[in-house]
Amino acid sequence: MIMAPAGAKRNILERLDAGEIVIGDGGFVFALEKRGYVKAGPWTPEAAAEHPEAVRQLHREFLRAGSNVMQTFTFYASDDKLENRGNAQRFNGAQINEAACDLAREVANEGDAMVAGGVSQTPSYLSCKCEDEVKGVFKRQLDVFVKKNVDFMIAEYFEHVEEAEWAVQVLKTSGKPVCASLCIGPDGDLNGVSPGDCAVRLVKAGANIVGINCHFDPMTCVKTVKMMKEGVERAGLKAHYMVQPLAFHTPDCNCQGFIDLPEFPFGLEPRILTRWDMHKYAREAFNVGIRFIGGCCGFEPYHIRAVAEELATERGYLPAASEKHGNWGAGLEMHTKPWVRARARRDYWEELKPASGRPKCPSMSTPDSWGVTKGHADLMQHKEATSQEELKPLFEKAKTSH
């Protein structure tokens with residue numbers, strides 16, 4: 001099996017229309033936070049301008065792992081988020097977005113990858129700003145993506161389908177293909193709109209590809225995309241489908257997803273999926289008809305490599321990173337210890353039930369379930385730093401919620 005595809009690059013709709021599998025990349029925000037380049041809390045992507053070498057290297061690792069999409073590191077790169085709650089910035093949104101586009105294009109040109117410009121939910125929407133103001137935020141980001149001539153657009157990480165519709169309507173004016181993915185589960189968006197109805201609304205708004213990203217584990221996200229697909233088909237519409245889930249197990253999550261878990265964001269490591277879990281995810285996503293398959297928070301390049309390896313037969317090639325990875329642990333045949341050599345087989349890893357090694361820890365947690373969303377006083381955003389007076393009642397509420 002060859003290690004890299006041949007032929008000229010085609011756009012994402014050409015690939016999907018031909019029935020090909022497009023593999024996305026992973027969770028840049030979480031990966032770069034762990035590496036010391038992103039601050040948890042703001043979760044903003046100034047690293048694209050401050051530390052381009054770190055962003056470039058992560059792009060390269062995902063490309064080597066099998067990604068066909070270099071998504072610009074522009075999550076939360078709108079000025080209303082960059083300036084939110086006292087977050088000090090040396091760069092504005094346009095500067096960060098331009099730097100992110102240049103890095104993604106540089107690495108995409110090193111392989112068979114496309115560049116996707118991404119926008120996400122805004123503090124302006126949560127603070128009940130009007131439609132024109134929210135769309136203006138997206139338009140300023142889009143202006144950079146058009147200037148840099150990205151290959152397609154992604155509107156991702158939206159908890160409310162209404163805001164996602166507004167984003168799609170703005171991105172569609174570029175004339176480029178548009179993906180829309182919500183961070184919702186089977187219960188629907190935070191206003192209770194079902195996944196099927198959300199998908200129909202997004203397709204009618206102009207999205208070519210619809211799906212789910214973040215907030216939930218792979219199987220939950222695949223289940224939710226399946227519900228979206230069924231809704232679109234019932235409405236007599238057509239679309240392609242995408243999924244970019246967490247790399248964390250979330251069986252105990254409610255409608256808010258993993259941000260409601262007590263372990264978010266600094267204690268999630270015990271929940272990380274193994275590479276073998278990713279094989280199951282990739283196969284399940286493929287089987288339900290999803291052809292744009294990637295990852296979000298928690299996904300590292302080795303997770304994407306596992307997705308690419310599971311679908312290597314369908315794609316016709318392995319990723320370059322498989323040069324350093326034996327099929328189903330085959331490389332362990334060379335290990336010095338005989339009991340480790342005995343693990344060089346597929347059934348061992350498929351049947352393994354990993355232990356956490358944490359005595360007295362529960363297998364699941366109780367989500368916080370505060371039940372606040374758009375318009376609630378606690379979600380009204382502002383430029384000033386969060387004060388101690390604002391924090392005190394939150395600390396007290398947290399004490400009584402467990």
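Visitor: In strand E3, which residue is the bridge partner of valine 69?

Guide: Two strands count as paired if DSSP finds at least two bridges between them, and helices (H or I, at least four residues) and strands (E, at least two) are DSSP runs numbered from the N terminus. Here the bridge partner of valine 69 in E3 is methionine 114, and 3 bridges join E2 to E3, which run parallel. Bear in mind that this is a predicted model, in which local features need pLDDT of at least 70 and side-chain atom pairs count only at pLDDT 80 or more, while totals for chains, interfaces and linings use all residues. Residues are numbered from 1 along each chain as its sequence is written, and side-chain values use heavy atoms, with hydrogens and water left out.

Visitor: What is the order of the strands in the open sheet?

Guide: The open sheet has 8 strands in the order E1-E8-E7-E6-E5-E4-E3-E2, with parallel pairing. Its edge strands are E1 and strand E2 (69-71), each of which pairs on one side only. Further in, E3 pairs with strand E4 (residues 152-158) in the parallel sense over 4 bridges, and alanine 116 stands opposite phenylalanine 152 in E4. Strand E5 (residues 178-182) and strand E6 (residues 209-213) also pair in the parallel sense, over 4 bridges, with leucine 182 opposite isoleucine 212 in E6.

Visitor: How many residues of E3 are buried?

Guide: A residue is called buried when its relative accessible area is under 20%, exposed when it is over 50%, and partly exposed in between, using a 1.4 Å probe and protein chains only. E3 is mostly covered, with 6 of its 6 residues buried. Met114, Ala116 and Gly118 point one way from the strand, Val115, Gly117 and Val119 point the other way, and all are buried.

Visitor: Which strands does helix H11 lie across?

Guide: Contact means heavy atoms within 4.5 Å, and an angle, from 0 to 180 degrees, is taken between N-to-C directions along lines fitted to C-alpha atoms, for helices over the stretch in contact. Helix H11 (residues 218-234) lies across E5, E6 and strand E7 (240-244), running at about 160° to E7.

Visitor: Why is helix H13 described as largely enclosed by the rest of the structure?

Guide: Helix H13 (residues 301-310) is largely enclosed because 9 of its 10 residues are buried, among them Pro301, His303 and Ile304. The buried residues of H13 pack against strand E1 (22-23), helix H4 (52-65), helix H12 (275-287), strand E8 (292-293) and helix H14 (312-315).

Visitor: What is the volume of the largest cavity, and which residues line it?

Guide: Rolling a probe the size of a water molecule over the atoms shows where empty space is left. On a 1 Å grid over the protein atoms alone, a cavity is a set of points where a 1.4 Å probe fits but cannot get out, whereas a pocket is an open set with protein on both sides within 12 Å along at least five of seven lines, and lining residues have an atom within 4 Å of a point. Grid points are joined across faces, edges and corners, and a volume is the space filled by probe spheres set on the points. The structure holds 1 cavity of 30 Å³ or more; the largest cavity has a volume of about 40 Å³, and its lining includes Glu159, Cys183, His215 and Gln256.

Visitor: Which residues lie nearest the centre of the second largest pocket?

Guide: His249, Pro270, Arg271, Ser356 and Ser363 lie nearest its centre, out of 25 lining residues, and this pocket has a volume of about 670 Å³. H12 gives the most to the lining, with 3 residues.
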